[in-house]
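Here is a structure to question term by term. Each answer sets a value against its definition.

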Amino acid sequence: MSGFITIYNTDGKPVDKQLIHSLTETLKFRGPDQQKVWIDNTIGMGHALFKTTFEAEYENQPATIDNRVWITCSARIDDRENLVNKMGLKQSLELSKTPDSELILHAYRKWGEACLEHLLGDFAFVIWDKKKQKLFCARDRFGANQLYYAEKNNSIIICNTLNTIKQHPLISRQLNDKAIAGFLLFGDHTWIDKTLTVLSNVKTLPPAHSITLQNGKTSLKKYWDISPDLPILRYKKESDYIEHFNEIFKVSIADRIRTNALTIAMSGGMDSSSVAATVRQLEKENTIPPLTLNAVTAVYDRILPCQERHYAGIVAKHLNIPIHYLIGENYTFMRPLVLTTRPLEIYTFTLWKEIKKTIAAHSRVALTGASADNLLMYSPAITTMKEVNPIKVLMDLFQLKKRYQKRPAIGSGLLAMLKLKHKQKGNKNILVRPRLLSDWFNPEFEKAMELKKIWEETSEWNPNPLHTRHPNAHNTLTGIDWNTDDIIMESEFTLSEERDPFLDLRLVEFLFSIPSLPWFFEKHILRQSMAEMLPQEIIRRPKTPLGDLHGKFMLESSSSWINDWQVNNDLLPYVQPDKIPSAIQASSDYTMREQRLRILNLGDWIKAFKSND
């Protein structure tokens, strides 16, 4: 969660010392432990340190190991011992006193830009190679850590904090219309383009990408994707799959701790409960030092009675973890707004921020299981079944039906997709694109942004997925923006660093190497691996959606203002006020209500963004 910024003047002008010092000062809410600036004529780096690992006690960024290559970053490097062995530095480095930034520098010195093939973990970094006069920047495979950049008037500005980069005098406050369009269409512009930000002349480096600036040329490169050619693992016994999963899951969690205080964002579902149970198991095995462990759970007791309090309580009691409940009904709907770095469909802002604040009060590191639903998404594809013995498929179908009271789908999904995408007209089947969600867009905006084209292309079914073994898991895992370190524009407290062990490359590659059936159906492999570590009530709990939370909140007296809300001037470039669903229409139609809330949210967000200077 540390903050950093780099300014590089390509025209030979010295970096403005006062400017980079002042911008580094704005990063203090990201890194309260230490702020430091390094300047060498045309390049300057600033860093604000937030210590979240044992080794960070020895951090002193911007950093160098040879006065030739410098780095500023926010990084947690995993599998550190193996990395040091591959670099041949086992005898010369005292690993317990070597910060992650130094490991990245050593990796760059050995492999150059190919170091990215060897680095595991969550990271965003900027490296300045003085000898080669080269700026080399990269972001981790799933984009857990953020990296923004802008090229303006012979200056290159790179930063991991939007609130800081927008204060550079060369950065325009003009909003990016395509990002606004992405939010109005999908609730988050990253679904259509991960390079966009809300600022017209600031971009985001996409996950699993690097960017190199040298000799006046900028080179963008994708360095990783989940390989479609991973060989399938074939074990004779199912227990071997479970043992292998447990082994990697433990390593992925242990590498994400490296601290003596930890909070788990925990529901009573399988994902976060499995993380919590494994943490306790690692303690018992003395793999990690004893922890001060807490759990935080959001619950609803009145407006939408849910079972999270019950199930999370079972897990917390079983694992002897103090649990802190935040009651959703105690927080207002939509207002007051918490300004985020892009408009998002977060409607209980105060609850969301209170969760972050509660976690931060107990530890600097939080573990989540947020990506498990995506990683373990079952793909009922014929291509998957072709890799498995047909008799084994029949046996799995029988056993899974008996266990979960539902039969796994094994078809290609083609017939269902055609039924969704075709409608009957006379005796002809005509392929029909999904309808554009709304007709309330400003016509000029809709035309300029080609909204219908974006909607159709994004909604289009892909009959030839990149990863044929686990197409659903691949599409969702690589489609979602997993960034958590720069969502709130500014905060009166420093947010804890969130770490998700399900985004560990080793775990991802293992899971993409095993058959979808039976292991991905109902997260079978996770349930089987946790059978001896969690209560059976949790293991056998079906996944249950929360329900119509927005609708329930809107029935509260404190939400009556929504009925009288009108479009403000900030929204006129994007929408037609007379076409927006009325409060009466929205009350009886779920889609219309969500559209109305999205527009309302955007209006509030733009107003808050413009006043944030």
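**Cavities, confidence and a sheet**

This is a predicted model: local features need pLDDT of at least 70, side-chain atom pairs count only at pLDDT 80 or more, and totals for chains, interfaces and linings use all residues. Residues are numbered from 1 along each chain as its sequence is written, and side-chain values use heavy atoms, without hydrogens and water.

Q: What is the mean pLDDT of the protein?
A: pLDDT is the predictor's confidence in each residue, from 0 to 100. The mean is 91, and 93% of the residues reach 70 or more.

Q: Where does pLDDT stay under 50?
A: Over residues 412–435. The model has 26 contacts there beyond four places in sequence, a contact being heavy atoms within 4.5 Å.

Q: What makes a space in the protein a cavity?
A: On a 1 Å grid over the protein atoms alone, a cavity is a set of points where a 1.4 Å probe fits but cannot get out. The structure holds 5 cavities of 30 Å³ or more. Grid points are joined across faces, edges and corners, and a volume is the space filled by probe spheres set on the points. By that rule the largest cavity has about 230 Å³.

Q: Which residues line the largest cavity nearest its centre?
A: T52, S74, A75, R76 and E497, out of 24 lining residues. A lining residue has an atom within 4 Å of a point.

Q: Which strand supplies the largest share of that lining?
A: Strand 5, with 4 residues. Strand 3 (43–49), strand 5 (69–78) and strand 19 (497–499) each supply at least two. Strands are DSSP runs (E, at least two residues), helices likewise (H or I, at least four), numbered from the N terminus.

Q: How many residues of each class are in the lining of the largest cavity?
A: 8 nonpolar, 8 polar and 8 charged. Ala, Val, Leu, Ile, Met, Phe, Trp, Tyr, Cys and Pro count as nonpolar, Asp, Glu, Lys and Arg as charged, and the others, Gly among them, as polar. The second largest cavity has a lining of 5 nonpolar, 6 polar and 4 charged residues.

Q: Why are strand 4 and strand 12 called edge strands?
A: Two strands pair if DSSP finds at least two bridges between them. The open sheet has 6 strands in the order 4-5-6-7-11-12, with antiparallel pairing. Strand 4 (63–64) and strand 12 (217–222) are its edges because each pairs on one side only.

Q: What joins strand 11 to strand 12?
A: 6 bridges join strand 11 (residues 209–214) to strand 12, running antiparallel. L213 stands opposite T218 in strand 12.

Conventions. 1 Å grid on protein atoms, 1.4 Å probe; cavity = no way out; pocket = protein on both sides within 12 Å on 5 of 7 lines; lining within 4 Å.
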